[in-house]
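Visitor: I have not looked at this one before. Could you walk me through it?
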Amino acid sequence: MSIRKATFVRMDMQKLSLVVITFNEERNIRRCLESVAGLADEIVIVDSGSTDSTLQIAEEFSARIVQQKWLGYSEQKNSGNQLALHDWILSLDADEALSPDLKAEIIQIKNSGFKGVYEFPRLTNYCGTFVRHGGWYPDYKVRIFNRKNVCWQGTIHETLKGFSTTDITRLKGDCLHFSYYTIQEHIRQTEKFTDLSAQDLFAKNKNVSWIKSVFSPMARFVSGYFFKLGFLDGKAGFYIAKISAMSTRLKYKKLKSLYSK
């Protein structure tokens, strides 16, 4: 009787691969990998040429490291999914970590068997402050899935495709996201992302009117800071709303510049 029970548990248990893409993530990667200890059966790191101690830290966790040139966010993550040994994937960014509550939920689900896809709220730490307003929380993300059915798509702010809303199971625990350590980092990232956003819109032959380019940034600030209660997060809420507005303005400015060439 005990032998049959042990056999059933082994058959029911599904193995889980953690896939993380990296580039110079030494300040984040340890926290990320520590958070999945006892949960992930395998760690796959897809690195695009780190020159800091990212890979040495990953090696401490017996990660399987693959180095390749940068293919873009979606393709880099899809590549990692295909390199994994197991079909069930936990996809995290290097600056993310599972909270203890979320980890416990996932372990419980893993023991009973995965099905469909799983999403969980992402709680962002912005310059030392966890942000719960301004549209930044709960920020649900699908991050556990079967690679046979699901893949990443999009050049920026990549999303998972290949499932319907009825396939989603929503978990309660938070995924902790350590986004920006300084305001300057946020501004630099905004410069990078607005380049990509403008190029993406240009490639799709999309343009905006001068009215939208003028009023959309203001609307973005008002929405985030007032209507979505960003002011309750103090200085962090103000800077998030301000830089979000700046991001919208820059995106349209850069798009206009592409059309004028």
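Visitor: Where is Pro-138?
Guide: Pro-138 sits in the loop between strand 8 (129–131) and strand 9 (141–146). Strands here are DSSP runs of E with at least two residues, helices are runs of H or I with at least four, and both are numbered from the N terminus. The peptide bond from Tyr-137 to Pro-138 is cis, with omega near 15°.

Visitor: What sort of model is this?
Guide: It is a predicted model, in which local features need pLDDT of at least 70 and side-chain atom pairs count only at pLDDT 80 or more, while totals for chains, interfaces and linings use all residues. Residues are numbered from 1 along each chain as its sequence is written, and side-chain values use heavy atoms, with hydrogens and water left out.

Visitor: Which loop holds Asn-24?
Guide: Asn-24 is in the loop between strand 1 (16–22) and helix 2 (29–34). Its phi is near 50°, a positive value in a residue other than glycine.

Visitor: And Ser-62, where is that?
Guide: Ser-62 lies in the loop between helix 3 (54–60) and strand 3 (64–67). Ser-62 is not a glycine, but has a positive phi of about 60°.

Visitor: Why does Ser-62 count as exposed?
Guide: Because its relative accessibility is 65%. Exposed means over 50% relative accessible area, buried under 20%, and partly exposed in between, with a 1.4 Å probe and protein chains only. Asn-24, at 30%, counts as partly exposed.

Visitor: Now the sheet. What is the strand order?
Guide: The order is 3-2-1-4-9-6-12, in an open sheet of seven strands with mixed pairing. Two strands pair if DSSP finds at least two bridges between them. Strand 3 and strand 12 (168–170) are at the edges with a single partner strand each, so one side of each has no neighbour in the sheet. From one strand to the next the twist averages 25°.

Visitor: How many bridges join strand 6 and strand 9?
Guide: Three bridges, in the antiparallel sense, with strand 6 covering residues 117–120. Val-142 in strand 9 is the bridge partner of Glu-119.

Visitor: What does helix 5 touch on the sheet?
Guide: Helix 5 (residues 100–112) touches strand 1, strand 6 and strand 9. Its direction makes about 165° with that of strand 6. Contact means heavy atoms within 4.5 Å.

Visitor: At what angle do helix 6 and helix 8 pack?
Guide: Helix 6 (residues 183–203) and helix 8 (residues 234–260) pack at about 35°, with axes 8 Å apart. The axes are lines fitted to C-alpha atoms, for helices over the stretch in contact, and angles run from 0 to 180 degrees between N-to-C directions.

Visitor: Which residues make that contact?
Guide: Among them are Ile-183, His-186 and Ile-187 of helix 6, and Tyr-239, Ile-240 and Ile-243 of helix 8. The contact residues divide into 13 nonpolar, six polar and four charged.

Visitor: What do the buried residues of helix 8 pack against?
Guide: They pack against strand 7 (122–126), strand 8, helix 6 and helix 7 (210–227). The buried residues include Ala-236, Gly-237 and Leu-255.

Visitor: Is Ser-244 buried or exposed?
Guide: Ser-244 is buried, at 14% relative accessibility, and lies in helix 8.

Visitor: How far is Ser-244 from Leu-85?
Guide: Ser-244 and Leu-85 are 39 Å apart in space, C-alpha to C-alpha, and 159 residues apart in sequence.

Terms used
Nonpolar A, V, L, I, M, F, W, Y, C, P; charged D, E, K, R; others polar.
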